[in-house]
Amino acid sequence: MKGLSESEINFLKENKDLQTKIRQSETIPESVLALEKIKRPLYEKHPMEKFAWTITEDTDTAEWSNICVDALNNVDQFYRGKDTADIIHGKVMQILKGKNEDMKQLFGKELISGDLSGIHAECLTDTWIGKDRWAFIDLSAGPLSWGPAVGGEGVRTELSLPNVKKTIGAVAEISEDEAEDRLQDAIQEKFAVFGDKEHQAIDILLAEIDIYELFAFKHCKGRKVKLALCQELDERMHDLKNELQSFDGEEYDEGHRRKAVEALKRMENWNLFSDTHEEFHNYTVARDTFLAHLGATLWGSMRHIILPSVADGAFHFYDKISFQLFFITQEKVRHNKQLPVDLEALKDGLSSLLLPSQKAMFSYHRLPLSEEPALAMAFSVARRAAAVPLLLVNGTYRKTIRTYLDSSILQHQLQRFNDQGSLKGMHAQSRSTLEVPIFWFLHSEPLLVDKHYQAKALSDMVIVVQSETSSWESHMQCNGNSLLWDLRRPIKAALAAASEHLAGLLPLHLVYSQAHETAIEDWAWSVGCNPLSITSQGWHISQFQSDTVARSYIITTLEESIQLVNSAIHHLVMEHTTEQTFKLFKSQERELVNKYNHVVGLWRRIATVTGELRYMDAMRLLYVLEDASKGFVDQVNTTIALLHPIHCTRQRKVEVEFDMTTIPAFLIVLGVLWLVLRPRRPKPKIN
């Protein structure tokens, strides 16, 4: 039980006797859903399968289906004959005494205080993400819608999911006039794409066949009362078959004949207009449309639930997470118990973000603005006001003035405050401990972050704002009604921001699109009782999201290890080899290869255990991988350092090169010298 509807909440607020009865009740009504009978999910019964919706045996699927049907029947029988007060009493008691700590704390605080202004209706959805590794889509529910009230993309509408009734399921039998109107609408819609251009006769025939096939499968097959229009279409289909057979002549080109043959093969086993029961094996246009939409839906579930996108950045694994909670108040508060914050719920929620192998630590600090001039200056500089146009779901336009904190300015101011050492904890330089500073601003007037948010994750901190408004009309809507936020309890928003800061978790409606090369929105998956959805007030993350946290840590460690190893190998490649360095390198080769093989072996082992969903085993190997990668890098650096003295040593050696082309030059030089220096004969002197 996750919450109450708007009518049930209004009834509870007006009935004081019922509130008193709930506060005095001690007995817990029996759970009528009895879904605890499903002791093991399907994917655990099939160890070789990855997820519950992969190929499984029919017996397991039938067993699961029967248990769900029995649970729904039990609900119907349990509430039959009871008045509204008894039904609401049973629901509230199941919430208060159930296993959902987040909803239990929410309802418990409100009922004890007698102020139910903070209890808001849950958004009714036809998709859900469970606490464990399971999710469901109800294709027969609706129509339902949720998402941004004004603007935005990817809004959940009644057409977001495939509709069984409108596509291939049994629908309420329509009259002759309605059937004629729908057929004409289908014809106009189909032939509208042809426009004024000339088209071949075969294309027009194929379009006509598609229209009649889809119409007959939806409105003719399996009807108790036969439509006269269906009989007319049956006769027309025989005529179309004859026309297609006429394309077998040589006067038609090969493309037209091939299209005609394929269409005839498709029509061979059709029996859409007859009353005889047969197993329909052929994929029709209706089934193709349904299966295509269903495939796109399941693909979306993989992108948003199983393997969601994460924020850009490096998210490292730490054994301990130290949450530094700074509660910034306007006036001095003497004790933590005097703070208007449910510290136990906050502590429980933050602990749920960690993996089983991690340990959470908490430290609380009260910082009154009246005694911290630097902090008061940061708050004043970052506070802004904006005129925000608001178009309500009923079409009413309204302009509101919102006071908010600019996260960029506030972060800059708080960093300057932190440089003075006022906010640094004892684990700031620890390798095994990560400090997460959370600045929690408590303000009397409505206050948001960046115009629209209650909390924001930044690179080195988390900012949360809390005010005294119990029902704030947000920019989100669900089924035609605005979603209301209780600004007195921003725990859900704080946990969403903290999860993004720790491991890069993003809201469920965001996913990276390779086609757009940016993030896109799809609000159909913003469901579940977790902090990343908008349709529920719960704040405990599911097992799917815990898996995402673990994978985020694993991917960061693997990427950094690969970069380190590749960088070290690049340095080796850039080293010049000589005859003198070869022997020295050979002496280091064995150690280099051993360390490299050790790192590669860890890569493979981590990938294997991660693929088997053994995330805790993978976590234990991350520190080993970091040390092994650094060990390989150190060995490479040591090897290069040993090679450098040899490179720098000068080899003193005189080399004389003998060139045959210099012999003539030497001969000429010798001849000139001989002519100049040869002895001369003395001349006789004549007087």
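Author: Before we start, one term: a contact means heavy atoms within 4.5 Å. Also, this is a predicted model.

Reader: Fine. Which residues does Ser352 touch, leaving out those up to four places away in sequence?

Author: Leaving those out, Ser352 touches His540 and Ile541.

Reader: And where is Ser352 found?

Author: Ser352 is in helix H13, which covers residues 343–352.

Reader: Is Ser352 buried or exposed?

Author: Ser352 counts as buried, because its relative accessibility is 17% and the cut-off for buried is under 20%.

Reader: What about Ser467, where is that one?

Author: Ser467 sits in the loop between strand E11 (462–466) and strand E12 (472–478). Its relative accessibility is 3%, so Ser467 counts as buried.

Reader: What does Ser467 touch, again not counting residues up to four places away?

Author: On that count, Ser467 touches His443, Ser444, Glu445, Pro446, Leu447, Leu487 and Arg488.

Reader: Let's step back. How many helices and strands does the protein chain have?

Author: The protein chain has 20 helices and 15 strands.

Reader: How much of the chain is buried?

Author: Of the 687 residues in the protein chain, 41% are buried. As for the surface, the chain exposes about 39,900 Å², and 53% of that comes from carbon and sulfur atoms.

Reader: What share of the contacts with a separation of 6 or more comes from residues 24 or more positions apart?

Author: In the protein chain, that share is 71%.

Reader: New topic: charges. How many salt bridges does the structure hold?

Author: The structure holds 15 salt bridges. Side chains of opposite charge can pair when their charged atoms come close.

Reader: Give me one. What does Asp547 pair with?

Author: Asp547 forms a salt bridge with Arg133, and their closest N and O atoms are 2.7 Å apart. Asp547 lies in helix H17 (residues 543–574), while Arg133 lies in the loop between strand E1 (127–129) and strand E2 (135–137), so the pair ties together parts that are 414 residues apart in sequence.

Reader: Are Asp547 and Arg133 buried or exposed?

Author: Both Asp547 and Arg133 are buried.

Reader: And which residue does Lys332 meet in a salt bridge?

Author: The side chain of Lys332 meets that of Glu371, at 3.9 Å from N to O. This pair also links distant parts of the chain, 39 residues apart. Lys332 is in the loop between strand E4 (320–329) and H13, and Glu371 is in the loop between strand E5 (359–368) and helix H14 (373–382).

Reader: Is Lys332 buried or exposed?

Author: Lys332 counts as exposed, because its relative accessibility is 55% and exposed means over 50%. Glu371, at 46%, counts as partly exposed.

Reader: What about Lys456, which partner does it have?

Author: Lys456 and Asp450 form a salt bridge through their side chains, at 2.6 Å from N to O. Lys456 is partly exposed, with a relative accessible area of 26%, whereas Asp450 is buried at 17%. Elsewhere, salt bridges that share partners join Glu612, Arg614, Asp617 and Arg620 into one network.

Reader: Which residues form the negative surface patch?

Author: The negative patch is formed by Glu176, Asp177, Glu178, Glu180, Asp181, Asp185, Glu189, Glu232, Glu235 and Asp239. Two elements give two or more residues to the patch, helix H8 (176–192) and helix H10 (228–245).

Reader: Which gives the most?

Author: H8 gives the most to the negative patch, with 7 residues.

Reader: Last topic: backbone angles. What is phi of Lys451?

Author: Lys451 has a positive phi of about 75 degrees, although it is not a glycine. Lys451 lies in the loop between strand E9 (448–449) and strand E10 (455–457), and it is partly exposed, at 33% relative accessible area.

Reader: And phi of Glu517?

Author: Phi of Glu517 is near 60 degrees, a positive value in a residue other than glycine.

Reader: Where is Glu517?

Author: Glu517 is in the loop between strand E14 (510–513) and strand E15 (518–521). With a relative accessible area of 64%, Glu517 is exposed.

Methods. Residues are numbered from 1 along each chain as its sequence is written. This is a predicted model: local features need pLDDT of at least 70, side-chain atom pairs count only at pLDDT 80 or more; totals for chains, interfaces and linings use all residues. Side-chain values use heavy atoms; hydrogens and water are left out. Helices (H or I, at least four residues) and strands (E, at least two) are DSSP runs, numbered from the N terminus. Buried means under 20% relative accessible area, exposed over 50%, partly exposed in between (1.4 Å probe, protein chains only). Accessible areas come from the Shrake-Rupley method with a 1.4 Å probe; for residues, only the protein chains shown count as cover. Patches are made of residues with over 30% relative accessible area and no salt bridge: like charges are joined within 9 Å, nonpolar side chains (Val, Leu, Ile, Met, Phe, Trp, Tyr) within 5 Å. A salt bridge is a side-chain nitrogen of Lys or Arg within 4 Å of a carboxyl oxygen of Asp or Glu. Lys and Arg count as positive and Asp and Glu as negative; His and the chain ends are not counted. The place of a charge is taken as NZ of Lys, CZ of Arg, CG of Asp or CD of Glu.
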